[in-house]
Amino acid sequence: AGSYKAVATAVETGYGPVRRPGYVSADGKAYLQGPLWDFQMDPREERRRKIDLSANRASGPPSAAINIVEYADMECGYCKMRGVQMDRLLEANAGIVNARRHYKFFPLWFGHIWAMKAASAGDCIFRAAGAPAFFRYKSLVYSRQETMTVSGIDELAVTTAEAEGVSGADFLSCYLQDASFARIRSEIEEGYRLGVNSTPTYFIDGTEITWLEHKVMED
């Protein structure tokens with residue numbers, strides 16, 4: 001980009017490396033952490049191009065006019081609070097707002113002790129039993145968030161998978177395995193390329209919203 005060279009800084013998470021985008025000046029004296037944006041185009045369109053919705057981990061009608069993309073961490077108290085508020089906003093505007101809400105994994109691996117495990121369980125439940133099962137699992141995690149432990153998330157993951165009709169063997173062949181963590185890291189990296197640095201972060205048809213006062217958010 002101009003005289004700057006693109007670089008990726010690989011940070012070891014303990015669950016595999018996560019790459020963060022950046023740029024270095026030609027003389028090596030300046031380093032810019034994060035993405036660069038083209039100010040000659042609509043930033044909403046630029047963000048939409050960077051968001052991969054092919055996983056389809058979503059709720060709401062597939063033909064919805066609006067896509068809401070949520071980057072969140074199941075161990076994050078604000079994610080729980082804001083997620084419940086978003087649930088209520090969509091319920092209150094049912095029949096008015098035609099939206100599809102996509103969930104992206106963005107566990108804060110550097111400070112939360114069971115967030116990556118919770119994400120892996122969610123990834124595996126989703127792949128084996130579909131989006132409705134995943135959202136039921138997420139609700140269960142949120143309901144126990146304040147008292148959850150590292151061993152507790154393991155127990156909840158296995159029992160939820162079984163309740164959703166996934167055999168223990170099938171679930172364990174995915175849970176905490178490299179392929180699952182690779183998918184989660186891919187979504188974290190996508191978030192970094194969009195400039196996500198806190199959770200929850202929403203993109204409503206490309207418009208970034210970390211959260212606003214409740215009435216403003218509804219508007």
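**Entry 1: a polar contact to the backbone.** I started at leucine 108, whose backbone nitrogen lies 2.9 Å from a polar atom of the side chain of aspartate 73. I keep in mind that this is a predicted model.

**Entry 2: the aspartate itself.** Where does aspartate 73 sit? I found aspartate 73 in the loop between β5 (66–72) and α2 (77–92). Next I looked at its side chain and noted a polar contact of 2.7 Å with the side chain of histidine 112. Then I checked for a salt bridge: aspartate 73 is buried yet has none. The nearest side chain of opposite charge is lysine 138, 11 Å away. With the cut-off for a salt bridge at 4 Å, I can see why lysine 138 does not count as a partner at 11 Å.

**Entry 3: its neighbours.** I listed what aspartate 73 touches, leaving out residues up to four places away in sequence. Among them are Cys79, Tyr103, Phe106, Pro107, Ala115, Tyr142 and Thr199.

Entry 4: In what order do the five strands of the open sheet come? I read β4-β6-β5-β7-β8, with mixed pairing. The edge strands are β4 and β8 (207–209), each pairing on one side only.

**Entry 5: strand β6.** How many of its seven residues are buried? I counted seven of seven, so I call β6 mostly covered. Ala99, Arg101, Tyr103 and Phe105 point one way, while Arg100, His102 and Lys104 point the other.

**Entry 6: who pairs with whom.** I found β5 and β6 parallel over seven bridges, with isoleucine 66 the bridge partner of alanine 99. β4 and β6 run antiparallel, joined by two bridges, and serine 59 stands opposite arginine 101. At the other end of my list, three bridges join β7 (residues 201–204) to β8, again antiparallel. There, phenylalanine 203 stands opposite glutamate 208 in β8.

Notes:
Residues numbered from 1 in each chain as written. Predicted model: local features only at pLDDT ≥ 70, side-chain atom pairs only at ≥ 80, totals over all residues. Heavy atoms only, no water. Helix = DSSP H or I, 4+ residues; strand = E, 2+ residues; numbered from the N terminus. Buried < 20%, exposed > 50% of the residue type's maximum accessible area, 1.4 Å probe, protein only. Lys, Arg positive; Asp, Glu negative; His and termini not counted. Polar contact = N/O pair within 3.5 Å; in protein donor to acceptor, adjacent residues only side chain to side chain. Contact = heavy atoms within 4.5 Å. Pairing = 2+ DSSP bridges.
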